[in-house]
Amino acid sequence: MDIRLDGKTALITGGSRGLGKGMALEFAKSGANVAIVARREEVLNEACDEISGATSATVKGYACDVSDKGALEKMHADVTGDLGPIDILVNNAGASARGTFWEITDEEWAFDFELKVYAAIRLIRLSIPSMIERNWGRVINILNSRAKAPQPGGAPTAVTRATGLAMTKVLSGEVAKHNITVNALCTGIIVTDQIARRYDKAKPNITFEEFVAEAGKAVPMGRMGTTEEYANMACFLASDQASYITGCAINVDGGLSPMY
Ligand SMILES: NC(=O)c1ccc[n+]([C@@H]2O[C@H](COP(=O)([O-])OP(=O)(O)OC[C@H]3O[C@@H](n4cnc5c(N)ncnc54)[C@H](OP(=O)(O)O)[C@@H]3O)[C@@H](O)[C@H]2O)c1
């Protein structure tokens, strides 16, 4: 199967690092023009240079905190002004957030909802009208494996990710007749900066590589995933080949989730 995204414009939040950067690279290799969004401009610039250097696609970076409504609206206007309407929207920006349920403050709940739920809702609201007009679109919501299988200690992320599951299903049914698919990826443990931050926090007496290998033993496949393995699934969902797949939440987790 030759997956091509030629002529498409993709917007990927959190596209300067980790999964987002991996998806941006794969989309660009497949011919899409890509807008990547993150807060730190220099990291964005490095990612744009790296992806542009490896592909012939147009790759542009937009510095924006997606949890800031005004900044997000300006960013969307800038992206569409530069690259045209969004064909493929990937709501990926996020960070791990976990605590004891009764100790999580209103501010921490609100922060997680703004970043992982409202940012996605607002970008969907801004992007869907032009997808409807052109009778084609793809929305991919990046969630985690706890969305389907919440566990003690998993809030607030498990709650906001479960919200993302419901959002994916509701929206998919509303826009299917416009040839727009809406799917979610339930992420297991993939080697990125998020994992590096977990390593730094835990300060274990082993190297990062040993930490990755050790944590990977909890996964049925015996290892953590790579950003490339992850991006392959996102690229397929973004393509014409996935035209009849919508309203799904697909585990990309090496078998980690107890749920289908
Ligand atoms: N890696 C995993 O194993 C794993 C597991 C489950 C779920 N996930 C989810 O998958 C997504 C990507 O994770 P990752 O591992 O690739 O993380 P990462 O390596 O830490 O990258 C996160 C990206 O999001 C950007 N970002 C963070 N907050 C932002 C904000 N407020 N506005 C705009 N951009 C923001 C970061 O750039 P700046 O810091 O410069 O803004 C960066 O580009 C996240 O939603 C994460 O929760 C990952």
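## Charges and helices in a predicted model

Glu-26 counts as buried, at 13% relative accessibility. Here, buried means under 20% relative accessible area, exposed means over 50%, and partly exposed lies in between (1.4 Å probe, protein chains only). The model is predicted, so local features need pLDDT of at least 70 and side-chain atom pairs count only at pLDDT 80 or more, while totals for chains, interfaces and linings use all residues. Residues are numbered from 1 along each chain as its sequence is written, and side-chain values use heavy atoms, with hydrogens and water left out.

Helices are DSSP runs of H or I with at least four residues, strands are runs of E with at least two, and both are numbered from the N terminus. Helix H1 has 12 residues and should span 16 Å at 1.5 Å a residue; its end C-alpha atoms lie 17 Å apart, which agrees. That expected span is 1.5 Å times one less than the number of residues. Among the buried residues of H1 are Leu-19, Met-23 and Phe-27. Just after H1, Gly-31 takes a positive phi of about 105°.

Now for the salt bridges, each a side-chain nitrogen of Lys or Arg within 4 Å of a carboxyl oxygen of Asp or Glu. The count comes to 11, and the table shows some of them.

| Pair | N to O distance |
|---|---|
| Glu-50 and Lys-21 | 3.0 Å |
| Lys-29 and Glu-26 | 3.9 Å |
| Lys-74 and Asp-78 | 2.7 Å |

Glu-50 sits in helix H2 (residues 41–54) and Lys-21 in helix H1 (residues 18–29), so their bridge ties together parts that are 29 residues apart in sequence. Glu-50 is partly exposed at 47% relative accessibility, and Lys-21 is partly exposed at 22%.

Lys-29 and Glu-26 are three residues apart in H1, separated by about one helical turn. Lys-29 is partly exposed, with a relative accessible area of 43%. Lys-74 and Asp-78 are four residues apart in helix H3 (residues 69–83), again about one turn of the helix. Asp-78 is partly exposed at 30% relative accessibility. An α-helix has 3.6 residues a turn, so residues three or four places apart point the same way.

Finally, Glu-41, Glu-42, Glu-46 and Asp-49 gather in a patch of negative charge on the surface. Patches are made of residues with over 30% relative accessible area and no salt bridge, with like charges joined within 9 Å and nonpolar side chains (Val, Leu, Ile, Met, Phe, Trp, Tyr) within 5 Å. Glu-41 lies in H2 and is exposed, with a relative accessible area of 52%.

Methods. Accessible areas come from the Shrake-Rupley method with a 1.4 Å probe; for residues, only the protein chains shown count as cover. Lys and Arg count as positive and Asp and Glu as negative; His and the chain ends are not counted. The place of a charge is taken as NZ of Lys, CZ of Arg, CG of Asp or CD of Glu.
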